[in-house]
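Please open the model in your viewer and keep the selection panel at hand. The tour goes from one selection to the next and says what is found at each stop.

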Amino acid sequence: MSFVWLWTDILVWTLVLVLIGAVRSIRRSEQIRKQWFNILKSPVAMSAAIVLSFYLLFALLDSVHFQYTQPTSDSSTEQRSLAVHEQGVLSLLDILVPHLRTQTERTYSAPFATHEYSTSLSYDESGVVSQVYRPLQFGGQHWTGKHSILDDVMVKTAIPFLFTCIIIAIIFAIHLGWGFLKTRGNYIDYYENQPDPKDELPWGAAYFTLFVLIFLFSWFFYLSHYYHVLGTDKVGQDVLYQAIKSIRTGVLIGLLTTLVMLPLALILGISAGYFKGWVDDVIQYLYTTLNSIPGVLLIAAAVLMMQVMIANNSDWFGSTEERADLRLLFLIFILGLTSWTGLCRLLRAETLKISQVEYVTAAKAFGLSPFRIIQKHITPNLMHLVLIALVLDFSGLVLAEAVLSYVGVGVDPTTASWGNMINQARLEMAREPMVWWSLFSAFAFMFTLVLAANLFSDRVQTVLDPRRKH
Amino acid sequence: MFEYIVKRLLFAVPILIGVNVITFSLFFMVNTPDDMARAQLGAKQTTPEMIQSWKVENGYDKPLFFNGDASGLDKIQHTLFVQESLKLFAFDFGQSDSGRQISADIQERMGPSLAIALPTFIIGLVTNIALALLIVLFRGSRLDTITMMVAVAIMSVSGLFYIIAGQVLFSKTWHWVPISGYAEGWEGIKFLILPVLIGVFAGIGAGMRWYRSIFLEEMSKDYVRTAKAKGLTDIKVLFGHVLHNGMLPILTGVVVVIPTLFMGSLIMESFFGIPGLGSYTIDAINAQDFGIVKAMVFLGSVLYIIGLILTDISYTLFDPRVKLS
């Protein structure tokens, strides 16, 4: 077993490091701290932020990969058959939920089912052929038929519920203890001298969201040992597993694209606005040209080219994982290269405005170099625009992934993604009886993420955008 | 006015050349004339001579951007890039891989695309503005908050879900309308109802929020206060003043879109089996037919630039303060 760093892993961890660095430097600024406090003061934004960090946590867990090597020949057959499942590149998340990945059925089965969804031919001992619903290999195997499935599930809900209560209690204790330490023991003093209850963060909403999320998580985790909670797909794979694995793809496309887009938009936007003249003309020409190409078509054209290139150079890639990962990386780059124009135009206009202000004129008169002026006086004043654009783009990119996968220019078909799930589900909906759970799972996971991102970005916009008063 | 339009059209030329450079580089860097020759000549043993003769026959034997062998202007003129781009500027898109004329195909498919895109656009616009005006009347109330929450929720659902859910409910379960298909004339309406409705509904969330914020911004201006001080009712202010003044920012967002309606909607058309330009493009992407994709990219950029010019012209019609120069 050894670490494998896929390209997107490296990028996403770089982004995390950058974010940590940014948070550390921001903590020093009183003003920015107040802004963030303001953002999180809304209960909706607080809940949305917690949901988003949950998704991010899953994406990060799924971004640490290991390479399992083949077992040596002298190991017993039982070990070897176990090891067959443990081959190839696995992520930390795979290791945390091994049963989801390995307990595959033969074909479709509904959520909480004990038997397959459709009948298949069966020969009994006397050679009579009959149509039967075959029992599942793993799902519902503990079920004896004494109680109904619903009763069984209800009983089994108690354990995750207790677990969640304990976890929340622990978190609450740490929270209280932290407040205690911060006030150096003058706990009662501290709480009696609170200036205004309105200046408190909405802890009620925060704990409620946390409770719901941890409960859902532990419920799914616990019950997935007994049932296929969200059913299985055509080849018998657990739908819950696919939906969880898709988190990484969605979050990465939303996050890393901004990482690609940001430098382009910042550098080009600021230089166009600050230097004006021919620089401005060239940059304006560049983004008008890019903008005039229909977005999906430009992405499609670029992805088609990439596909041809990958097909022609299949010897570049060691494994299918690497190929799929490189495709994801390319897609992220292409999305980044086609989506910087909007932010660039905003930054250019704002830079034009700022560079007329007195303090910039003063800085020029003092003989500061353009680079210093941009770094010290202009960039910090653009940050609210950048932040707004980033959170706004995130949800759009997550949604775009699904559409692109449908068009056939999205992520690799072997990569787990909500787009691929929807794409498959389209055919399943036409079946009789309908196979609805794949689509439903993709919908639920995607909707939660996008809704949280939209609500959060709304709040960020309200707080940071000076023009928005409503 | 006429002078201005001509000037703007001339400005469009460098942009279109830029678009061509991008698409040309994308396509020819990977799919070189050699590859095209090999694909066209088939799987049988192809010799370099055969490839060369195919390239000469089809005019692909010239260098990509710069012809060192020629003299003077020909150095640039006798290249694949100029040759291919000039064809595009004359709207001659050549043949698709299946041997059909792309220009003829496009003309044929524009109708169905418009049949679905135009009603979606107009009904959507009217619905969104009407809903936004209604919600502005109730601004600050609980109804406003709840409606905005619902709008965010509508925005957060991928369009694919609306289509699939719509098809399952209205076509598969209730059998109100056919699942997919297309017919000319009045016959075709039954095929169009569902895609248009879904298109309108999917756009309500974002549209309503956008128009609401425009109207609210207008409401905070001085003239609204004056009008109210004169004793005008909320409704009169809204429809008499705010709607008119709000048209300007609305125009910026809306007029650009109108020409691109010709391009159709990729997803709608392919889900509902409408033989428009959107499904044409998707089929081309799936079949890796580069000729069609290139043609659609060029067409899209031309329509977008026309949209920009139309936006400017519409400004002069609605805002007497704006003079084109």
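## The interface of chain A and chain B

Begin by selecting the interface of chain A and chain B, across which five residue pairs are in polar contact, both residues being at pLDDT 80 or more; a polar contact is a pair of N or O atoms within 3.5 Å, where within protein one must be able to donate a hydrogen and the other to accept it, and residues adjacent in sequence count only if both atoms are side-chain atoms. This is a predicted model, in which local features need pLDDT of at least 70 and side-chain atom pairs count only at pLDDT 80 or more, while totals for chains, interfaces and linings use all residues. Residues are numbered from 1 along each chain as its sequence is written, chains are lettered from A and ligands numbered from 1 in the order in which they are written, and side-chain values use heavy atoms, with hydrogens and water left out.

Colour chain A by element next: α11 (277-292), α12 (295-312), α17 (383-407), α18 (418-429) and α19 (437-464) each supply at least two residues of the side of chain A that touches chain B. Helices (H or I, at least four residues) and strands (E, at least two) are DSSP runs, numbered from the N terminus. α12(A) gives the most to this side, with eleven residues. The residues of the side of chain A that touches chain B divide into 33 nonpolar, eight polar and four charged, where Ala, Val, Leu, Ile, Met, Phe, Trp, Tyr, Cys and Pro count as nonpolar, Asp, Glu, Lys and Arg as charged, and the others, Gly among them, as polar.

Showing both sides together, one finds 45 residues of chain A in contact (heavy atoms within 4.5 Å) with 42 residues of chain B. The two chains bury about 3,900 Å² between them, 78% of it on carbon and sulfur atoms; buried area is the accessible area (1.4 Å probe) that two parts lose on being put together, summed over both.

Which side chains meet in a salt bridge here? Select Asp458(A) and Arg209(B), whose side chains do so at 2.8 Å, N to O, a salt bridge being a side-chain nitrogen of Lys or Arg within 4 Å of a carboxyl oxygen of Asp or Glu. The count between chain A and chain B is one salt bridge.

## Within chain B

## A last stop in chain A

Return to chain A and select Lys245(A) and Asp62(A), which form a salt bridge with the closest N and O atoms 3.0 Å apart. Lys245(A) lies in helix α10 (residues 239-275) and Asp62(A) in the loop between α3 (43-61) and β2 (65-68) of chain A, so the pair ties together parts that are 183 residues apart in sequence.
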